[in-house]
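Q: I'm new to this one and would like to learn how to read it. Can you walk me through it?

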Amino acid sequence: MDKREKEKKAYLLFRQKRVGIDFETEKRIHFKVKGQTEEYSVIFDKERKEFTCDCKFFSLKQKFCSHILACKMLREKLGKYSHSIPRK
Ligand SMILES: [Zn+2]
């Protein structure tokens, strides 16, 4: 899978609203991504600022997969508004 194809796939996941935040803790954000056949869990570590995914592509290559890219897109979109939410 080349980079462009991966980005396109990620964009489609994002646009079709297949990406969502499952829950958020102080240290992590847990995302759910609905793939074609399976559902994937993507975790964003706030301290390390790192994404991990439980799909095969990520575990084999340790590179961003389309699921992580889709979660990044969602975060960027939500990030625009999150500044106005008061945090403790
Ligand atoms: Zn993945």
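A: Let's begin with burial: a residue is buried if 20 or more other C-beta atoms lie within 10 Å of its own. Keep in mind that this is a predicted model. Here, buried residues make up 22% of the chain's 88 residues.

Q: What pattern does the chain follow along the sequence?
A: Going along the sequence, you'd read α-β-β-β-β-α-α. That comes to three helices and four strands.

Q: In what order do the four strands sit in the sheet?
A: A pair of strands needs at least two bridges between them. In this chain the four strands make an open sheet, ordered 1-2-3-4, with antiparallel pairing. Strand 1 (19–24) and strand 4 (50–53) are at the edges; each has a single partner strand, so one side of each has no neighbour in the sheet. From one strand to the next, the twist averages 25°.

Q: How many bridges join strand 1 to strand 2?
A: Five, and the two strands run antiparallel, with strand 2 covering residues 28–34. For a spot to look at, find G20, which stands opposite K32 in strand 2.

Q: Is I43 buried, partly exposed or exposed?
A: Count its C-beta neighbours inside 10 Å: I43 has 17, so I43 counts as partly exposed. You'll find I43 in strand 3 (residues 39–45).

Q: Which residues does I43 touch, leaving out those up to four places away in sequence?
A: R28, H30 and T52. As for D22, I43 is 21 residues from it in sequence and 9.8 Å from it in space, C-alpha to C-alpha.

Definitions and conventions. Residues numbered from 1 in each chain as written. Predicted model: local features only at pLDDT ≥ 70, side-chain atom pairs only at ≥ 80, totals over all residues. Buried ≥ 20, exposed ≤ 12 C-beta atoms within 10 Å, placed from the backbone. Contact = placed C-beta atoms within 7 Å. Axes fitted to C-alpha atoms, helices over the stretch in contact; angles between N-to-C directions.
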